[in-house]
Amino acid sequence: MKIAAIVFIPRTAQKEDLHFADFSLPDEIARRLKAVPHIHEVFFATDNEWAGMIPNGSTRIGVGTEGEVAFLKSFFSETGFEHAILIQYDSPFLDPDIVGEMLKLHTTYLPEYTYSENVPSGFCGEIVSRVLLESVPENAGAEVSLSKIIKSNLHRFDVEIFYSHPDVRDRRISFRSSNLRERRIMEKIVKLHGAVPKYAEIVDVLKKFPEVLYISPSYIEMELTGRCNLDCIFCYRKTLSFEHGQMEVSVFRKVLEGMREFSLPYYICCGGSGEPLMHPQFYEMMDLALAEKDVEGVVVETNGIFADANFAQYVAGKRGRIRVIVNLNAVDGEMYRTIHGGDHYDTVVANIERLQGVINETNALYVQIMKINETEKFLDAYYDMWEQKRVPIILQKQNTYLGRIPDRRYSDLSPLERIPCWHLQRDMYVLFDGTACFCKQDVDGVSSLGNVKNSTMKELVERGKAHFIEDFKGNVSKKPDCSTCDEWYTFNL
């Protein structure tokens, strides 16, 4: 059986992406693939710009502009291969042993498609057959990947799922070096481990050197204000030990300026105890955030009351860089008054519908409902309503903030085995006055890392490292009491 390996180098690749540590990625990937017994020939799919990077002994094939499906149909037709394993060029941790095991499974059962759900991208690839491509529609768009087509219609294809121990999905790492954050993690692993690790070694490496996972915040939640015009039954605002005011623009700006030192992408979230759209300088702060080259986007968590026509126009003008999450826990005015303590249901629904009309980008607008006793009775109606309006829904788990507010959950979905806290690894929560909290559970900043007014972001991030490492080792914090927290398994972007 002839099996090809196809390494994809897209037009968007940067020159620095084709190198890692002290080696050329195309050369090293070709070397590792040629060591796998089942692979007959290695191809590099790229355009002329990267033709000079193709290793000797490998074959270059043009990609074209028709898309992945059209390319693969043409490849199988012109080369005569029956099967191919698809590899991305930015995979410095590609493991030939894992690739070999995957190919052995594929050649034993001969499915149309083989992929792994637990091995992170970068350690192996996905295997496709000529037969599979024959059953994929000719009109599949250039922007749609083959993987997306198959995984959206698994029942239509003969699919084999490859599993290999260990399972590192809880760390949510892709091991793809074109992502700057992932590259930094991999570089630290190689430096401390002394070599590129095998997949079988990766869990032990992370246990020995957990600090490699701690790079810089990828998600910074900013409490623009403590003010809010609602009185929601699940809000912790009334339990605060002091009244939270409004963030000064200078504090907001200092966070942004401090993050430049890391030169890594991150998101800003406007959240906290209050309603961000009530801040009089909200739009000025949004402009500041979106002007930063490292800010991938801004998440605005709002009650939707002030998400008016001006807000909709502003968001629409930012071309998908702002994600809006409207917290709405009702399907009628009476239930809205019961849960949110106000009479704004019709206004909020109208504002959401207006936003939906002007935001055409996917993943730009969501409605969010909390999974609590009070919402269970109308949850089906809520889904029906917003699915008809084509607005994505986030089903939110209730956070009791270490017991500050009553637990209204009707089910507990916490995993049985605790894993290291995602939030301590990649999040930062900044109060209105510039206090960088231990985490979002530290709502008054009692166990803070310091304040952005008199500490640099680098200093604050460094202070958080020890907390993350101890938590990773299973030594959870006593102040705040992490043992009573059940947010450790949740995550943001």
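**Figure 1. The second largest pocket of the predicted model.** About 820 Å³ of space lies in the second largest pocket of this structure, which is a predicted model. The pocket is lined by 35 residues, and Phe8, Glu68, Gln88, Glu126 and Arg176 are the closest of them to its centre. Two or more lining residues come from each of helix 2 (68-79), strand 6 (83-88), strand 7 (113-116) and helix 5. Strand 6 gives the largest share of the lining, with three residues. Sorted by class, the lining holds 15 nonpolar, twelve polar and eight charged residues.

**Figure 2. Ser147 in helix 5.** Helix 5 covers residues 146-151, and Ser147 lies in this helix. Ser147 has a relative accessibility of 16% and therefore counts as buried, the limit for that class being under 20%. Leaving out residues up to four places away in sequence, Ser147 touches Tyr113 and Glu126.

**Figure 3. The cavity found in the whole structure.** A search of the whole structure finds one cavity of 30 Å³ or more. The volume of the largest cavity is about 30 Å³. Its lining consists of Arg181, Ile185, Leu213, Ile215, Ser216, Gln425 and Arg426. At least two of the lining residues are supplied by helix 6 (180-193), and at least two by helix 15 (422-426). By class, three residues of this lining are nonpolar, two are polar and two are charged.

**Figure 4. The packing of helix 9 and helix 10.** Helix 9 (residues 282-290) and helix 10 (residues 309-316) pack with their axes 12 Å apart and at an angle of about 10°. Helix 9 is therefore roughly parallel to helix 10, a description that applies to angles under 35 degrees. On the side of helix 9, the residues that meet the other helix are Phe282, Tyr283, Met286, Asp287 and Leu290. Helix 10 contributes Asn310, Phe311 and Tyr314 to this contact. The residues of the contact comprise six nonpolar, one polar and one charged.

**Figure 5. Ala5 in strand 1.** Ala5 is placed in strand 1, which spans residues 3-8. Its relative accessibility is 0%, so Ala5 counts as buried. Apart from residues up to four places away in sequence, Ala5 touches Leu33, Ile39, Glu41, Val42, Phe43 and Ile85. His40 is 35 residues from Ala5 along the chain, and the C-alpha atoms of the two are separated by 7.8 Å.

**Figure 6. Leu449 and its contacts.** Leu449 is in the loop between strand 17 (435-436) and strand 18 (450-451). With a relative accessibility of 11%, Leu449 counts as buried. Leu449 and Cys437 are twelve residues apart along the chain, and 5.9 Å separates their C-alpha atoms. Cys437 is also in contact with Leu449, as are Ala436, Leu460, Arg463, Gly464 and His467, when neighbours of Leu449 within four places in sequence are left aside.

**Figure 7. The loop between strand 9 and helix 6.** Pro166 is found in the loop between strand 9 (159-162) and helix 6. The peptide bond that joins His165 and Pro166 is cis, with omega at about 5°. Arg172 is placed in the loop between strand 9 and helix 6 as well. Phi of Arg172 is near 50°, a positive value in a residue other than glycine. Arg172 has a relative accessible area of 40% and is partly exposed.

**Figure 8. The cis peptide bond at Pro480.** Pro480 is placed in the segment after helix 16 (457-472). A cis peptide bond with omega of about 0° joins Lys479 and Pro480.

**Figure 9. Ala21 between strand 2 and strand 3.** Ala21 is in the loop between strand 2 (19-20) and strand 3 (23-24). Although Ala21 is not a glycine, its phi is positive, at about 55°. The relative accessible area of Ala21 is 57%, so Ala21 is exposed, a class that begins over 50%.

Conventions:
Residues numbered from 1 in each chain as written. Predicted model: local features only at pLDDT ≥ 70, side-chain atom pairs only at ≥ 80, totals over all residues. Heavy atoms only, no water. 1 Å grid on protein atoms, 1.4 Å probe; cavity = no way out; pocket = protein on both sides within 12 Å on 5 of 7 lines; lining within 4 Å. Points joined across faces, edges and corners; volume = space filled by probe spheres on them. Helix = DSSP H or I, 4+ residues; strand = E, 2+ residues; numbered from the N terminus. Nonpolar A, V, L, I, M, F, W, Y, C, P; charged D, E, K, R; others polar. Buried < 20%, exposed > 50% of the residue type's maximum accessible area, 1.4 Å probe, protein only. Contact = heavy atoms within 4.5 Å. Axes fitted to C-alpha atoms, helices over the stretch in contact; angles between N-to-C directions. Parallel < 35°, antiparallel > 145°, perpendicular 65-115°, else oblique.
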